[in-house]
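Please look through the chains shown below before reading on. The report then takes up a few features of the fold in turn.

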Amino acid sequence: MDRSRLYGWFLLSLTLAGAQAVTPAHHLSLADVARLQNLLSQPFTDLESAYHSVIGLTKLGAAVPDHDQVCQFIKSQLDPTSVDSIFFAAETSQAISGCEIPVSNETRDILLAAVSEDSSMTQIHRAVSALSSLGLPVVSKEVIGALTARINKEDNVMAITSALLTAARLPQQAEFGGILEEIEDLTARLDDLGGVYLQFEEGLEATATFVTAAYSLSDHVDMEPPLKEDQVIQLVNSIFSKKSWDSLAEASSVASAAAALSSNRFHVPVIVSAQGPATVSHSQPTLQLLVTDVMSQPLASANVLVESAYAVASKSIILSQAPFTLNDGVFELNFMSTQPASGYYQFTIAVAGDSRLVANHIELKVKVSTEVAISNMDLSVVDKDQSIGTKTTRVDFPSKAKIPFTADSHQNFAMSFQLVDVNTGVELTPHQTFVRLHNQKTGQEVVFVAEPDSKNLYKFELDTMERKSEFDSISGTYSLYLIVGDATLENPILWHMADVILKFLDEEAPATIQPKTLYVPKPEIQHLFREPEKKPPTVVSNTFTALILSPFLLLLILWFKLGANISNFSFSPSTILFHVGHAALLGLMYVYWTHLNMFQTLKYLAIIGSITFLAGNRMLAQKAVKRNEKK
Amino acid sequence: MSNSVISVISRFLEEYTSTTPNKLKVVDAYLLYILLTGALQFLYCLLVGTFPFNSFLSGFISCVGAFILAVCLRIQINPQNKGEFLSISPERAFADFLFAHIVLHLVVINFIG
């Protein structure tokens, strides 16, 4: 019992999370449509560009200029032996009225021959479309067979999309089963970017053509395409985020997608936007909304209503189920009639009237702004020990107090006022309420914040002794300003209320205010390279080298005197080998010092050393034998 | 006092020249040579400073190491010490001396820079 309840809560939270659905971030505004039309209206260079231009303009609902000239152009450029050429000519002539392409038996044969497993998918698509546009008969079974076989061989996105477009040109009784499943397969291949965009990695043209193909086939067989609402909106975001198009093919694919999403039988995304800023005030009491499809065409049959509106600050509900009225293509609601307090309001708007509408619940933040008035502004100089009565002066906005106030170290300067809404008389607490004192001579300014108390009465007190450090103890005449500002106020206030003469003790000589020099070049750092160590002069080291070699001479002399000789040298091979090896070892040491590293040396050492060792072993053994014999 | 020192020294020298076999005298001459070389290196370092310290160290250690190895050789081939080195023949001592020298020189050359 507990588990099913938990499960219920889980499902509820999931649906609530799902209610935070994707909203359309991009669509084709009227300017975008105009730009697209401009691009598509370029003069034709060849048959393919004529095809893209004419089809694109037709999809946007724009008129193709000068049908006769277009027809002449097509007929002159037509190559009756090429399937592509026939396709472009046939489709273009179908889009403009009163243009007939001559069809011969050869043309028909060429087109029918292209419908086979061995042609590429593009060829099959173009042949079938041309046959359909020219009114020639098509055998559905053959076409579907060829398409299914080609899908297995050409598994890429553009090929399968072409297959879907081809199937949409066949008569309705054909068996579309396998082809329809491809829509779902292709949907699975789309890349989700951040939950906002859904597109093919092949690019914009592939995504836009897929949308056109999916909806045209779905409309043709009258079966809803397996695309969820969120996916449709993500596709809308992807296709209409690019506002300048690289090629005619890309432009016409976007135009086709826009037409498909505006007028198919199943999903029509709704774009709701406020006309101008979403702000209402007493001077402008109506909230105006534009409700259109993705091509910025107004939805005539829509019913727009506010499901609920609540104040962001207090979370209290202001409106519930309030309808908008349609006025000259714009939906209006007089929000000020409910007399809302100034601030921000969160609206949930629903668009109804057509079961095909997608993304028809949106959230909109509306600002209600107002004007502020200052009342009961009282300025006074209060004595600290309160022995002398306070002198209060009332100043009215926007005039200035006639007599300047004087405050020295025994006195405080005080101010109190109220801020009220002009229209409703409600007390306001705007974000910015500052008191600014500006020294007329030195240009120094000090800003304080005025705070409201619990009754929304603003009070400010300046203690000259306490605050003297902020003023740098500079006495003089200060201009007193009040600054009031807020996002919801239409009339921010800067009011020069009075002049205040402040007298400080221990006055320092007024220093001129220097702007902080933060961004001047810093002193250059000189890099000190590492000094080489001090070496002794070469003479000294050469002398000592000679000195050190001198004991060797002494050794030779001593040995000579002792009678050491090599008379016992036996010329046996092991002896010679030993001495040669030993000399080689010493040579290796020298080479190690000059050229080699440890690893190479160890390698050579192993080789020479082992030879020397074996030879030496032999030699010394012989010597030992000789010595024992002598005994 | 100095008289007795001089007489001790002269007696020592006399005994040395008469009793030590020639072989040992050869090794002693070698020892003297190594000692002088090491002392001169040290003197140089004292005079001009230890700038290429690694070179000084390797040279000095080479002298010290060679001295020690030669002393070992002298001990091992002295016939008077035969009783203590029964398993080590003079040839074996000399072979050890050579092997140890190879290792010493390898390290010295590595460190001399």
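This is a predicted model: local features need pLDDT of at least 70, side-chain atom pairs count only at pLDDT 80 or more; totals for chains, interfaces and linings use all residues.

**The disulfide**

A disulfide is a covalent bond between the sulfur atoms of two cysteines. Over all chains the count comes to one disulfide. Which cysteines does this disulfide join? The partners are Cys71(A) and Cys99(A), with an S to S distance of 1.8 Å. Cys71(A) belongs to helix 4 (residues 67–77) of chain A, whereas Cys99(A) sits in the loop between helix 5 (83–95) and helix 6 (105–114) of chain A. The two cysteines are 28 residues apart, and the pair links distant parts of the chain. The torsion about the S-S bond of Cys71(A) and Cys99(A) is about 95°, so the disulfide is right-handed. Both Cys71(A) and Cys99(A) are buried.

Two cysteines of chain B can be described by their accessibility. Cys63(B) has a relative accessibility of 10% and therefore counts as buried, the cut-off being under 20%. Cys72(B), with a relative accessible area of 37%, is partly exposed.

**The sheet in chain A**

Strands of a sheet pair through backbone hydrogen bonds, either parallel or antiparallel. In chain A, five strands form an open sheet with mixed pairing, and their order is 5-13-11-7-8. Which strands stand at the edges? They are strand 5 (279–280) and strand 8 (317–323) of chain A. Each has a single partner strand, so one side of each is left without a neighbour in the sheet. The partner of strand 5 of chain A is strand 13 (residues 361–368) of chain A; the two run parallel and are joined by two bridges. Within strand 13 of chain A, Val368(A) is the bridge partner of Val280(A).

**A pair of helices**

Helix 9 (residues 157–168) and helix 11 (residues 204–221) of chain A pack with their axes 8 Å apart, at an angle of about 30°. Angles under 35 degrees count as roughly parallel, so helix 9 and helix 11 of chain A are described as roughly parallel to each other. The crossing of helix 9 and helix 11 of chain A is left-handed.

**Backbone details in chain A**

Asp222(A) is not a glycine, yet its phi is positive, about 60°. Asp222(A) lies in the loop between helix 11 and helix 12 (229–240) of chain A. Is Asp222(A) buried or partly exposed? Its relative accessibility is 48%, so Asp222(A) counts as partly exposed.

Ala359(A) also has a positive phi of about 60° without being a glycine. Ala359(A) is in the loop between strand 12 (357–358) and strand 13 of chain A. With a relative accessibility of 11%, Ala359(A) counts as buried.

The peptide bond from Phe397(A) to Pro398(A) is cis, and its omega is near -5°. Pro398(A) is placed in the loop between strand 15 (391–395) and strand 16 (405–407) of chain A.

**Annotated spans in chain B**

An unreviewed UniProt entry places the feature "transmembrane region" at residues 30–49, 55–73 and 93–112 of chain B.

| Span | Distance between end C-alpha atoms | Helix | Strand |
|---|---|---|---|
| Residues 30–49 of chain B | 28 Å | 95% helix | 0% strand |
| Residues 55–73 of chain B | 27 Å | 100% helix | 0% strand |

Definitions and conventions. Residues are numbered from 1 along each chain as its sequence is written. Chains are lettered from A and ligands numbered from 1 in the order in which they are written. Side-chain values use heavy atoms; hydrogens and water are left out. A disulfide is a pair of cysteine sulfur atoms within 2.5 Å. Helices (H or I, at least four residues) and strands (E, at least two) are DSSP runs, numbered from the N terminus. Buried means under 20% relative accessible area, exposed over 50%, partly exposed in between (1.4 Å probe, protein chains only). UniProt positions are given in the numbering used here, feature names are shortened, and annotations may be inferred rather than shown by experiment. Two strands pair if DSSP finds at least two bridges between them. Axes are lines fitted to C-alpha atoms, for helices over the stretch in contact, and angles run from 0 to 180 degrees between N-to-C directions. Angles under 35 degrees count as roughly parallel, over 145 as roughly antiparallel, 65 to 115 as roughly perpendicular and the rest as oblique. A crossing is left-handed if the near helix is turned anticlockwise from the far one by less than a right angle, and right-handed if clockwise.
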